[in-house]
Amino acid sequence: MTAAASPSAAAPAGPTENAVELVGVTYGYDSHRPVLRGIDMTIPRGRVVAIMGGSGCGKTTILRLIGGQLHPQAGRVLVGGQSVPDLDREALYAMRRRIGMLFQFGALFTDLTVFENIAFTLREHTNLPDELIRDLVLMKLNAVGLRGTAQLRPAELSGGMARRVALARAIALDPMLVLYDEPFAGLDPISLGVVGKLIRELNDALGITSVVVTHDVYESLKIVDYLYFVSEGRIIAQGTPQEVHASPDPFVRQFVDGASDGPVPFHYPAPPYAEELAVHAR
Amino acid sequence: MPAEAVFNGLRRVGAGAINAVSRLGFAARFFAVVLIHSPAALRRTRLTLREIYFAGVLSLVIIMVSGLFVGMVLGLQGYDTLNKYGAGDSLGIFVGLSLVRELGPVVAGLLFASRAGSAITAEIGLMKTTEQLAAMEMMAVDPLARIVAPRFWGGVISMPLLAALFSVMGVFGAYLVGVRLIGLDNGAFWGNMRAAIDFWPDVTNGIVKSVVFGIAVSLIAVFEGYDAMPTAEGVSSATTRTVVEASLAILALDFILTVFMFRGMGG
């Protein structure tokens, strides 16, 4: 569990080309408060890599940088060897057609049925006949175990089912990379296990690369090949699940054990308590 | 201390002005981008027809009922006043001109802003809040082309049709009151109206107004939805802003257009 470790070294044998690379990436929503400070990250093809950290540490910002929704203020973001910030609109959209993204609460189109949600990208980006689109949609739904929900509306689905439908939508165009933004948030234990299993199985079966942004440490350790821990905009630890389990790093320990105090303090910075309460020595 | 308060006040006014100008600039760029995407959106007729249904067809009830009642009230009030001067037979002219030139486009525009404009803003704002627009972007589908442009054109196409329907229902309401209830001569009511109202300029001016109002209301509605803060409060404020801004825009544009139309007619 060191900063020199790399996900490709730890992962099983396979193609060595990197699906995603972040080199010295710095980003802030305003100039005074950088959210990310010099992030270096390598995500080889075919791996499931988790980016973990507390709320507001910049995990989702990393996904937005990979997807080209944000541009780094410094550093490079490469997807499939292409520099994302340098892509023009057409090239960016061409790249996004090879990326699937699962949003935190699914982001299903509420005015469309489950079937039409999954058919959406197929209809937008291909000229496939309706019969073929129907078969493809049913295959994707079957892969997530929800073929029977095709004619339901998103409002009729449970949170876990909506997440699985969104996953089917994310893989509709057979992407090379799938980005998961908090896929386990707010799920019951059964749905959580199902979604975790699907992420791993779909990754291996379809030969894709998965980047999972999450703070669910136990579920992640079961399914990922490699983990990055982000805190205050920096990568402060990284390693395989085995290395994380064995790590003595105080931050990793606090995160894995769920301790309320540690390197991430319980108290938000504030003036001395006694001073605030106007308690004076007598 | 007073100097500091003055500076702070000036700073707030300045910040407000800069924000307003920058928002106006953003709205202008937004309009230009929507127009650029419009040909592609209009070619996908199913999308635009769907929005005409939501903005236009679903507004039919409120437009028709309001038109009928406005016409009936105009009939009663107009007859009462005209009859004092022995001109009760001119009720058809009075009601027809009022509705076609002015009340049809303006009242239909205000109702359209409240019914369809607010719905468009709320729908786009909620799509933004629930990350549906971001999801679309990540699927390499431009929300301005797929979501905004069809809604804009759905509103622009619906508005003149609704205004025309409002005027028709208004005239019918005045007919019910004037001819059926009060007992005016049927031939005089319709004959005077036909003789006094010309297609050019009366009807065309009304159509021009309703088209301009349709563009203004639809643009404000889609812009406010797209620019809404992605929170429940943000969507609520955006919806309110749509109704207020669209209503004020209709009234201001109505005055400006009327000035030009009267000058054009040599009035």
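User: In which order do the four strands of the open sheet in chain A stand?

Analyst: The model is predicted. In chain A, four strands make up an open sheet, and their pairing is antiparallel. The order is E2-E1-E4-E5.

User: Which strands of this sheet in chain A stand at the edges?

Analyst: An edge strand has a single partner strand, so one of its sides is left without a neighbour in the sheet. In chain A this applies to strand E2 (33-44) and strand E5 (82-83).

User: Which residue in E2(A) does Tyr27(A) stand opposite?

Analyst: Strand E1 of chain A covers residues 18-30. E1 and E2(A) pair in the antiparallel sense over eight bridges. In E2(A), the residue opposite Tyr27(A) is Leu36(A).

User: Which residues touch the most other members of the largest nonpolar core?

Analyst: In soluble globular proteins, nonpolar side chains tend to be buried together. The largest nonpolar core here holds 141 residues. The members that touch the most others are Ile66(A) and Val211(A).

User: Which helix gives the most to this core?

Analyst: The helix in question belongs to chain B and spans residues 143-182. Its share of the core is 18 residues. It is helix H6 of chain B.

User: What radius of gyration does chain A have?

Analyst: Chain A has 282 residues, and a compact globule with that number would have a radius of gyration near 19 Å. The C-alpha atoms of the chain fill a box of roughly 85 × 40 × 40 Å along the principal axes. The radius of gyration of chain A agrees with the globule value, at 21 Å.

Note on methods
Residues numbered from 1 in each chain as written. Chains lettered and ligands numbered in written order. Predicted model: local features only at pLDDT ≥ 70, side-chain atom pairs only at ≥ 80, totals over all residues. Rg over C-alpha atoms; globule rule 2.2 N^0.38 Å. Core = buried A, V, L, I, M, F, W, Y, C linked by C-beta atoms within 7 Å. Buried ≥ 20, exposed ≤ 12 C-beta atoms within 10 Å, placed from the backbone. Helix = DSSP H or I, 4+ residues; strand = E, 2+ residues; numbered from the N terminus. Pairing = 2+ DSSP bridges.
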